Amino acid sequence: MQGLILNGDKNIFEVECDDGFIRDCSIKGKILKSNTAYYNPIAPGDIVDLDDASLEEEKGQIVSIQPRRNEYVRWNVKKRLPQLLAANLDHLLIVTTPDQPPFRPRFIDRALAQAEYQKITPVIVCNKYDLPAAKEDAFQEQLDVWEKAGYTLLRLSAKTGEGMMELAALLKDKLTALVGQSGVGKSSLINVLDNNVVLKTGSLSQKYGRGCHTTTKGALMHIMLDEALTGGIRDVTADIIDTPGVRHFLLHDISADNLALYFRDFLPYLGKCTFGMSCTHLSEKGCAIQQAVADGHISPLRYESWKRISEEIRNGTWED
């Protein structure tokens with residue numbers, strides 16, 4: 001018997017089994033000891049094997065995990081271990097806002113780099129596009145930078161409905177995880193996509209303008225897309241993993257020297273420097289990356305973001 005991990009905490013996981021039952025399953029013995037590199041060995045989206053002999057109507061035991069197509073990970077500072085957020089994804093939606101909470105482009109650049117490293121297709125979703133801050137030149141310039149770098153970017157609003165049909169079309173028949181800061185409106189987006197789903201949405205801290213955590217653990221849900229978003233077509237489904245909001249997204253298993261490999265707009269120039277792949281792209285003569293910035297092929301915003309994230313990795317410190 002196999003099953004799909006919907007959610008879980010510590011040693012108990014909710015598993016949607018092949019026979020149609022949803023069971024609370026524990027990990028059998030130390031069978032998953034090979035996954036001790038992560039503080040949570042299983043994530044929503046994982047396919048697991050169950051012990052047939054121990055199956056009950058509501059309970060079971062997990063004996064192994066099927067090989068993953070991919071996995072999305074972040075470094076958890078509190079646990080000082082990598083944290084699995086989701087597995088076997090078709091898309092990763094990196095959700096941001098022009099304001100409320102404040103716009104953090106370097107959060108997005110980190111999340112994009114991690115997605116590139118894990119070979120997951122990222123999509124940047126700008127929610128709350130109805131806010132006045134969305135019209136500011138600096139904000140629009142940053143969105144243009146990502147689009148010119150080759151990333152898909154959706155401008156939408158869960159409040160007004162703008163762009164939601166485009167989002168629904170992207171999600172149709174796919175497994176997608178949502179990642180973003182607390183307060184960017186991930187749960188609100190899901191509530192609009194399927195009006196039969198009612199997820200708790202949080203308010204912003206009045207003092208800091210930051211979101212309060214409402215999703216405390218990742219969960220996979222099967223949703224039925226609202227007919228108003230599918231052109232009247234009924235029974236259109238999507239699978240969504242809503243991950244807990246975080247204030248800082250920290251990279252895992254990416255060194256400062258290799259970070260440029262996961263900046264999509266840097267790739268055409270890597271290896272073309274005078275010093276080849278040993279170039280630091282900071283001060284060397286004949287650096288193809290610096291020349292591409294000077295020629296307007298790489299945005300100075302992305303180059304500065306790459307430099308600051310590289311410094312963060314080297315120094316072990318992170319900023320907003």
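**Entry 1**

I looked up Lys-119 and placed it in the loop between α1 and β9 (122-126); helices (H or I, at least four residues) and strands (E, at least two) are DSSP runs, numbered from the N terminus. The model is predicted, so local features need pLDDT of at least 70 and side-chain atom pairs count only at pLDDT 80 or more, whereas totals for chains, interfaces and linings use all residues. Residues are numbered from 1 along each chain as its sequence is written, and side-chain values use heavy atoms, with hydrogens and water left out.

Lys-119 is not a glycine, yet its phi is positive, at about 60 degrees. I noted Lys-119 as exposed because its relative accessibility is 72%; the cut-offs are under 20% relative accessible area for buried, over 50% for exposed, and partly exposed in between (1.4 Å probe, protein chains only).

I then turned to Gln-100, in the loop between β8 and α1. Its phi is near 60 degrees, again a positive value in a residue other than glycine. Gln-100 has a relative accessible area of 38% and is therefore partly exposed. The peptide bond from Gln-100 to Pro-101 is cis, with omega near 5 degrees. Pro-101 lies in the loop between β8 and α1.

**Entry 1. Overall form**

I recorded six helices and 13 strands for the protein. The radius of gyration is 21 Å, close to the 20 Å that the globule rule gives for 320 residues, so the protein is as compact as a globular protein of that length. This radius is taken over C-alpha atoms, and the globule rule is 2.2 Å times the number of residues to the power 0.38. The C-alpha trace spans about 65 × 45 × 40 Å along its principal axes. Of the 320 residues, 51% are buried.

Strand β11 (residues 175-180) is accordingly listed as mostly covered, with six of its six residues buried.

I next traced the pairing; two strands pair if DSSP finds at least two bridges between them. Strand β8 (residues 91-96) pairs with β11 in the parallel sense over five bridges, and Ile-94 stands opposite Val-179 in β11. β11 also pairs with β13 in the parallel sense, over four bridges. There, Thr-176 has Ile-240 in β13 as its bridge partner.

**Entry 2. Strand β5 and its partners**

Strand β3 (residues 22-27) runs parallel to strand β5 (residues 59-65), and four bridges join them. Asp-24 has Lys-59 in β5 as its bridge partner. Strand β4 (residues 47-50) runs antiparallel to β5, with three bridges between them. Val-48 stands opposite Ile-65 in β5.

**Entry 3. Aromatic pairs**

I searched the whole structure and found eight aromatic pairs. Rings of Phe, Tyr and Trp (its six-membered ring) pair if their centres lie within 6.5 Å; planes under 30 degrees apart count as stacked, over 60 as edge-to-face and the rest as tilted. Among the pairs is Phe-107 with Phe-249, edge-to-face, at 6.0 Å centre to centre and 65 degrees between the planes. This pair links distant parts of the chain, 142 residues apart: Phe-107 is in helix α1 (residues 105-118) and Phe-249 in the loop between β13 and α5. Phe-107 and Phe-249 are both buried.

Why is the pair of Phe-263 and Phe-266 tilted? I noted ring centres 5.3 Å apart and planes at 55 degrees, so the pair falls in that class. Phe-263 is buried, at a relative accessible area of 1%, and Phe-266 is buried at 0%. Phe-263, Phe-266, Tyr-303 and Trp-306 form one aromatic cluster.

**Entry 4. A nonpolar patch**

I closed with the surface. Leu-261, Leu-267 and Met-277 make a nonpolar surface patch of about 280 Å². Patches are made of residues with over 30% relative accessible area and no salt bridge, with like charges joined within 9 Å and nonpolar side chains (Val, Leu, Ile, Met, Phe, Trp, Tyr) within 5 Å. A salt bridge is a side-chain nitrogen of Lys or Arg within 4 Å of a carboxyl oxygen of Asp or Glu. Accessible areas come from the Shrake-Rupley method with a 1.4 Å probe; for residues, only the protein chains shown count as cover.

Leu-261 lies in the loop between β13 (237-242) and α5 (288-294). Leu-261 counts as partly exposed because its relative accessible area is 32%.
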